[in-house]
Amino acid sequence: MLQTFASSISSLLDARADGHSLPAGLYTRQDVFEADMDVFFRKHWICIGLECDVPEPGDATVVDIGTSSLIILRDDDAAIRVVRNVCRHRGARILDPGPTVVSKLVCPYHQWTYELSGELAYAPHMGADFDKSCKSLKPVAFRLIGGLIYACLSDDPPEDIDFLAEVMAGRLAPYDIANARIAHQADVIEEGNWKLTIENNRECYHCSANHPELCVSFIDLDFGFDPDSLSPEDREVAREHEALYARRTENWEAEGYPSKAVERLSDCVTNFRTQRLIISGAGESQTPDATSASSKLLGHMTRKDTGDTHLWGHNSWNHFMGDHAVIAIVIPLSADKTLVRTKWLVHKDAVEGVDYDFDKLTSVWLATTDQDAELVARSHAGVKDPAYVPGPYSRFSETNLDKFASWYIDRMRANGY
Amino acid sequence: MLQTFASSISSLLDARADGHSLPAGLYTRQDVFEADMDVFFRKHWICIGLECDVPEPGDATVVDIGTSSLIILRDDDAAIRVVRNVCRHRGARILDPGPTVVSKLVCPYHQWTYELSGELAYAPHMGADFDKSCKSLKPVAFRLIGGLIYACLSDDPPEDIDFLAEVMAGRLAPYDIANARIAHQADVIEEGNWKLTIENNRECYHCSANHPELCVSFIDLDFGFDPDSLSPEDREVAREHEALYARRTENWEAEGYPSKAVERLSDCVTNFRTQRLIISGAGESQTPDATSASSKLLGHMTRKDTGDTHLWGHNSWNHFMGDHAVIAIVIPLSADKTLVRTKWLVHKDAVEGVDYDFDKLTSVWLATTDQDAELVARSHAGVKDPAYVPGPYSRFSETNLDKFASWYIDRMRANGY
Amino acid sequence: MLQTFASSISSLLDARADGHSLPAGLYTRQDVFEADMDVFFRKHWICIGLECDVPEPGDATVVDIGTSSLIILRDDDAAIRVVRNVCRHRGARILDPGPTVVSKLVCPYHQWTYELSGELAYAPHMGADFDKSCKSLKPVAFRLIGGLIYACLSDDPPEDIDFLAEVMAGRLAPYDIANARIAHQADVIEEGNWKLTIENNRECYHCSANHPELCVSFIDLDFGFDPDSLSPEDREVAREHEALYARRTENWEAEGYPSKAVERLSDCVTNFRTQRLIISGAGESQTPDATSASSKLLGHMTRKDTGDTHLWGHNSWNHFMGDHAVIAIVIPLSADKTLVRTKWLVHKDAVEGVDYDFDKLTSVWLATTDQDAELVARSHAGVKDPAYVPGPYSRFSETNLDKFASWYIDRMRANGY
């Protein structure tokens, strides 16, 4: 008889071997997907958007995380609010997905009307004695970190978000992301589990053969390499590259640009990593020729040679450069489908066709994301195969995947699995 | 750990609070959907169609209820029959969905041939000694009530259908629906649970903001209002409306048109409500200007001013007016998809373009059904959200929803849940 | 309460009555589908393709069986190999479905590179000390039988494949299928359970009313008939047909063409049946006029009048004629979807438009397969209906279905269900 579905999630977690990819069921099973949504997308902090998604009072946008729908809005006092998109009457969705402008939040079903604070202002037919005070739209815990919006859908958000905020405040300040403009946004649905999407992003072992556009500006050596597999010449290049990092990091730090790697990839609740990376070639930006796409730089930036401040979370990756930033948010849709939402940011006054060229700005990550979607689909089809057995991670260029897998197991355990 | 799926259906029924919408799982869970199909679409009487779906001997039409497929046909003696669309050989579907004309029922697979009575007449290759007598197509219990066909898929149909038949016989007789003609039929798939479709139909709280076309002829006050929320002027209008009902109902009854409300919405098996409603404005019919769409009136009707005899069942709503009738049948397709099949009836001799205008006849309920589909989808998306908690029904205009929810709970309990 | 899903697979097997179609759940349930895939498509031998799918060294083709993906390839020594299409690194699919040409098998993700033997030749970034010897692509057990490739996905393949090989070796030798050419391949997805696909193929009771094209050359009497249902004239025809079989079979055997029926449809592991069948009418081939489609005969064939060597397996049916062969492979996709992949073979040097006419070659089975898909869909919709009860097989023309159903039950039992 077939025993596949008899194993508990706990036994799958037990089965994971150090240094190896996860047991198949952790990528493919419906019960694991539901557990993942509960643990990693409800009880952990996740990146849901940007302050500049809603630049003006009355601007609102809806972001769906699983079956949860969130309204991000800017209230009349220009403060950000995040509330549940669920009417307190019979539960109808108040706003549709995507951006809009509102003066109040009016449920289209029976016109229950909420202030931008979420308070219920008007509920027709409910009688003069109806107590509106306990029927506000439910608030969502959120933190603004360097212009990014992190939310936690539980009532008991992890406290170590403070450390992320502390690390990133100074690093992101010069880019003034809160006041940037979203020049483009693209949604790609990858046909694979969200953990394969994250694993794929945490190594550049696959870059040289798959991402010709990105490799102009991105350096695959940055996330590890096997010295034995390099030719003597390449080994020399790698050694010079390490030395260059030491010098550049020292210089950037001396000039007031925090650059050293800060890594919380295991033994922590809120998973992140940041470092200022060197951009290859012309050295300015992730564009087809590595020069800036926008002549108007981001925020208070005055220099194009400050590299790429990268930031990983467990549902996002980000690159902040002198002229623009790329923000990617990962939202699981099912065990085998994952939304990757990418936003390209420029200075709020940068004008397309004048200050920046749209194709130059977007083409590298548009191509890279499509290529990654194909790889993740290929990977997911494979882990569903009964012939799959977890394989070994490279101890040189896939150590971040090993850390991610270990963190995943730890966090599942910490949540009772 | 996630506990969502641990709760039994019974505990969901327990969790329902009076005066509030249902717990989320009762709208969304697959096991509840299967229980609903068994309890409400197999063990209760449901409306499946009309005598005039099959006007002539040999006319047949197939109606699918869940995975059950029914053949409604008119036999050689002009009697209605309802049989299962499942060949007694290897189970193949005999007829395809929709209307057709037949002399016998011949299974296309191996030519097993049944009389219109359902008896097996011919079974090739089965041998001379094969006993055909026990291989008739399985009959389905049905009742003809004022031209409507109610069926029950169980072997033990509830007996209180007699009361519905008794109430409706006189009320529907003048419309002679059995001899009407179906001028149009439209299927709309709503992206929501069937109970949300029914709830949506049982209140007009949402009408004024969502159904501009219907509101020309339909009066939202009819199904309740909150006097405190009305302006003094509107309160006066409402009071006059109530007085008008008393007078009109008295007059209609005196003229031989049964009009008073009869309500069996709780403490019963077969759920229904009927009443003769006033039509607004020109007062004749549910059309864009409230005048009749057809100059040839239905059946034996001689007057246009007899309002709207409405009839609700747990899977249907109906409006019978002087010139035409609108019949809506609700068939769940999955926990989150519901078919609403609407039929527009006119006198059998009414000619399109001569006696009636097609757009005038159909436009109000075509628009209303599309608007309702959007509202039901919005509602279903909301009840799937973990942030949904059952909300309070208006004690003025949503009392019929409260009765429906209570009846639903009672009937589930009565069936062992 | 609803009890449907409480029954075990074992109780469904118990419920099967001799001489009747299977209980509904064995055709429709997801757990049964998973069991079927494990028992019949993993632990039994299945037909997966043909040697001539990969005629030259370096030719490869991918065949997916459920979530398993197999690479059939011809190595540098012109030998057939079958390996799993799962990279030993992180499991990615190495090749896409369908045919291709390769010199090595290179995983597109991280360039792990395998020899055509399956051995891992190159694994970048894994370090000089990495042991590649235990990371070959996993091999799949396979047997070449008269040019057909049978595979077994388990580590313990049934031994009685030897008998099939022994029976078919001589019968198929003259057609030299290993060196034929695939003139056409067509995939049809039937909306039904794979066992309904097989049942449909194992009787010709449905042929006369459904397959006008096939009936020109195929004789429905061949798989049984009810003498009582025939007219005296037709009974005479049937008797003459039986006598003709005796003579033809004797003559063919005398001329060196093995022709007698060999049947292993029950009390065996590997299910098959073969016999040389008479072709009707012009007597040569399954074409619209029963004459050969190709003037160049298959392999070493010199005669057109050697009938049709048919071969059934539990996931395939095949017809080998003088001028061409038709191979159909059945691959379940879900409980209610089944892929039927049909290949038309001609002599490798036969040229389209010169030696054979494409439409004449393919039209009979293209039409027949479409007709069968419609019948299987009709059958599956019926067995899902709660009104379905297993019906009686004809004891004349459906005995092979009874044997298949019994074999199915036996094999499930033998595998612990």
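Visitor: Which strands make up the open sheet in chain C, and in what order?
Guide: In this predicted model, the open sheet of chain C has three strands, ordered E6-E7-E8, and their pairing is antiparallel.

Visitor: Which strands stand at the edges?
Guide: Strand E6 (105-106) and strand E8 (120-122) of chain C do. Each has a single partner strand, so one side of each has no neighbour in the sheet.

Visitor: Over how many bridges do E6(C) and E7 of chain C pair?
Guide: Two bridges, in the antiparallel sense; E7 of chain C covers residues 113-114.

Visitor: And what stands opposite C:Leu105?
Guide: C:Tyr114, which belongs to E7(C).

Visitor: What about the loop between E6 and E7 of chain C, which residue is found there?
Guide: C:Gln111 is one of the residues in that loop. Its phi is positive, about 65 degrees, although C:Gln111 is not a glycine.

Visitor: How does C:Gln111 count in terms of accessibility?
Guide: Partly exposed, at 21% relative accessibility. The cut-off for buried is under 20%, so C:Gln111 does not count as buried.

Visitor: Now C:Asp267. What is its phi near?
Guide: Near 50 degrees, again a positive value in a residue other than glycine.

Visitor: Where is C:Asp267?
Guide: In chain C, in the loop that runs between strand E12 (262-264) and strand E13 (272-277).

Visitor: Buried or exposed?
Guide: C:Asp267 counts as exposed, with a relative accessibility of 73%. Exposed means over 50%.

Visitor: Switching to chain A. How many helices and strands does chain A have?
Guide: Nine helices and 17 strands. The radius of gyration of chain A is 23 Å, close to the 22 Å from the globule rule for 417 residues, so chain A is as compact as a globular protein of that length.

Visitor: What box do its C-alpha atoms fill?
Guide: Along the principal axes, the C-alpha atoms of chain A fill roughly 85 × 65 × 35 Å.

Visitor: What share of chain A is buried?
Guide: 59% of its 417 residues. As for contacts in chain A with a separation of 6 or more, 65% come from residues 24 or more positions apart.

Methods: Residues are numbered from 1 along each chain as its sequence is written. Chains are lettered from A and ligands numbered from 1 in the order in which they are written. This is a predicted model: local features need pLDDT of at least 70, side-chain atom pairs count only at pLDDT 80 or more; totals for chains, interfaces and linings use all residues. Side-chain values use heavy atoms; hydrogens and water are left out. Helices (H or I, at least four residues) and strands (E, at least two) are DSSP runs, numbered from the N terminus. The radius of gyration is taken over C-alpha atoms; the globule rule is 2.2 Å times the number of residues to the power 0.38. Buried means under 20% relative accessible area, exposed over 50%, partly exposed in between (1.4 Å probe, protein chains only). Contact means heavy atoms within 4.5 Å. Two strands pair if DSSP finds at least two bridges between them.
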